[in-house]
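Here are some comments for a colleague who is opening this structure for the first time. Please read them with the sequence and the model at hand.

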Amino acid sequence: MLMQQAQDALKNVLGERFSMSKSDLEMHGHSESHFPLTPPDAVAYPETREEVQKIVEICGDNNVPMIGWGAGTSLEGHGLAVHGGIVVDFSRMNKVLRINAADMDVTVQPGVTREELNQELRATGLMFPVDPGANASIGGMTMTRASGTTAVRYGTMRDNVLGMEVVLADGRVVQTGTRARKSSAGYDLTALMVGSEGTLGLATEITLRLHGIPEAVSAGICSFPDMTSAVTAVTETIQMGIPAARIEFVCLDTVRAFNSFAGMDMKLAPHLLVEFNGSPETVEQDAERFAEIVADNGGSEFKYSSKESERKALWALRHNGYYAVLQSQRGARALVTDICVPISNLAQAVEETQADIAQSKLFGPILGHVGDGNFHAILLVDPAFPEELAIAKRLSNRMVERALALGGTATGEHGVGMGKLDYMRAEHGAGWDVMGSLKQVLDPKNLMNPGKLVPPVTTE
């Protein structure tokens, strides 16, 4: 009865932008990873902050869960309605509201994707550099505290979100942060909301830090005889202070998948994909210094280019790594997991992870943003054999245990969602209970994306 009342009220507010069609429900019940189809009860498509407030108020009055949805590219089941409810799809709130070129910041609605934003910024000489690979929405990137290939130079969403406008579970609208570069005024509510995965509120505006488009960019590739030498080269590059803008690792199995997927002819060996930004002189110098490190670690010649077409082709290949690996086994699903460790422990983490995967007999290529100690394993499983998913989960558990023992984290960029929920106690201890307490204060009915991120919540 309560759901029906909410549906009727939402139809009055949104009209045809409130959907219960089978195709809409299934589209918003899919995950990019291994999670089963979990359709919501309905999908709402707001266009204004006022409509988001009405959705929140109606759902609150009727005890209906609300789940924010951006581009649907998350990997840990963040957007799935595991307790039923309404998915709030922000794809129609996709305007760039204000570009402040002089202050190098921009305010956008949450449905704007990173590619759309950079297209809008082209004439200003500025860019938004955070690049998770997928053309994710800014709202989704903010709420999962995303990062990606450029984090080693430009930081993650944590470093690039200046402020937000958020609708809380009780319908209040709060402004977090300012456009000032620093503040000592009270709790940092922006930092609280970034990475909250929609469990504390729904973002309706986000103000971002921008960066200048570099004068010169070069990118290149090199191979190594084994994973250890490749990872050691990365560690030495970071420790020497060479300012790589991207420094990505792909294992031999990933290279094999690249060759099949894109018709490449890469040498069957681990590779590093690297980019440098700056002036023509500094880019050349950085590339030469990096080439020396590669040679010292037994790597091949570092071949690089400043041609935009060649650079785009290189990073398109890397961004399609997940799909290339997925295609290598027809009908397979993937448990995609990531960890992040201090850079000095990266080689050990990668080596031991590869050994575990080899022993498991699953196909599990390793790739990732090793410049900041973050890497991923794509563990392929056959849906017809549930025991394979159980093996993949055990492998993921081993990766997390190792990361925590080495001073790292259960997830460097994917976020918690449902997939990493069981690891939060081990990483945060009593701090996880504090997160749960904050959730209960701001969302006492547990209606904002329930079942994710925080300890299970009991409501009265």
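**Notes on salt bridges, helices and cores**

1. R92 has a relative accessible area of 42%, so this residue is partly exposed. Please keep in mind from the start that the model is predicted. R92 forms a salt bridge with E47, and the closest N and O atoms of the pair are 3.6 Å apart. Because E47 sits in the loop between strand 2 (42–44) and helix 3, and R92 in the loop between strand 4 (86–89) and strand 5 (96–100), the bridge ties together parts that are 45 residues apart in sequence. E47 counts as partly exposed too, because its relative accessibility is 33%.

2. R17 and E51 form another salt bridge, with 2.8 Å between the closest N and O atoms. This pair links distant parts of the chain: R17 is in the loop between helix 1 (2–14) and strand 1 (18–19), while E51 belongs to helix 3 (residues 49–61), 34 residues apart. Are R17 and E51 buried or exposed? Both R17 and E51 are buried.

3. A salt bridge also joins the side chains of E248 and R318, at 2.8 Å from N to O. E248 lies in strand 13 and R318 in helix 12 (residues 308–319), so parts that are 70 residues apart in sequence are tied together by this pair. E248 is buried, because its relative accessible area is 0%. R318 counts as buried as well, because its relative accessibility is 7%.

4. Some bridges share partners: R114, E115, D131, R246 and E275 are joined by them into one network. The count of salt bridges comes to 24. Side chains of opposite charge can pair when their charged atoms come close.

5. Which residues of helix 11 are buried? They are V283, D286, A287, F290, I293 and V294. These residues lie on the same side of helix 11, because they cover an arc of only 120° around the axis. An α-helix has 3.6 residues a turn, so residues three or four places apart point the same way.

6. The face of helix 11 turned away from the buried side carries the exposed residues E281, E292, A295 and D296. On the buried side, the covering elements include strand 12 (216–223), helix 9 (227–239), strand 13 (244–250), strand 14 (271–278) and strand 15 (303–305). G298 follows helix 11 and has a positive phi, near 80°.

7. The largest nonpolar core has 45 residues. Those with the most contacts inside this core are F249, L272, V274, F276, F290, I366 and F375. Leaving aside neighbours within four places in sequence, the contacts of F276 include V283, D286, A287 and F290, which are among the buried residues of helix 11. F276 is also in contact with A216, V217, S218, I242, P243, A244, A245 and F302.

8. Helix 17 (residues 430–442) has 13 residues and spans 19 Å from its first C-alpha to its last, close to the 18 Å expected at 1.5 Å a residue. W432, G436 and K439 are buried in helix 17. They cover an arc of only 55° around the axis, which puts them on the same side of helix 17. What do the buried residues of helix 17 pack against? They pack against helix 16 (424–428). The face turned away from the buried side carries the exposed residues A430 and V441.

9. G431 is also found in helix 17. It counts as partly exposed, because its relative accessibility is 29%. Between the C-alpha atoms of G431 and R181, which are 250 residues apart along the chain, the separation is 28 Å.

10. A last point concerns T107, which lies in strand 6 (residues 105–108). T107 counts as buried, because its relative accessibility is 2%. Its side chain and that of T207 are joined by a polar contact of 2.8 Å. Not counting residues up to four places away in sequence, T107 touches V96, L97, R98, E205, I206 and T207.

Methods
Residues are numbered from 1 along each chain as its sequence is written. Side-chain values use heavy atoms; hydrogens and water are left out. Helices (H or I, at least four residues) and strands (E, at least two) are DSSP runs, numbered from the N terminus. Buried means under 20% relative accessible area, exposed over 50%, partly exposed in between (1.4 Å probe, protein chains only). A polar contact is a pair of N or O atoms within 3.5 Å; within protein, one must be able to donate a hydrogen and the other to accept it, and residues adjacent in sequence count only if both atoms are side-chain atoms. Contact means heavy atoms within 4.5 Å. The arc is that of the directions from the helix axis to the C-beta atoms. A nonpolar core is a set of buried Ala, Val, Leu, Ile, Met, Phe, Trp, Tyr and Cys residues joined through side-chain atoms within 4.5 Å. A salt bridge is a side-chain nitrogen of Lys or Arg within 4 Å of a carboxyl oxygen of Asp or Glu. The expected span of a helix is 1.5 Å times one less than its number of residues.
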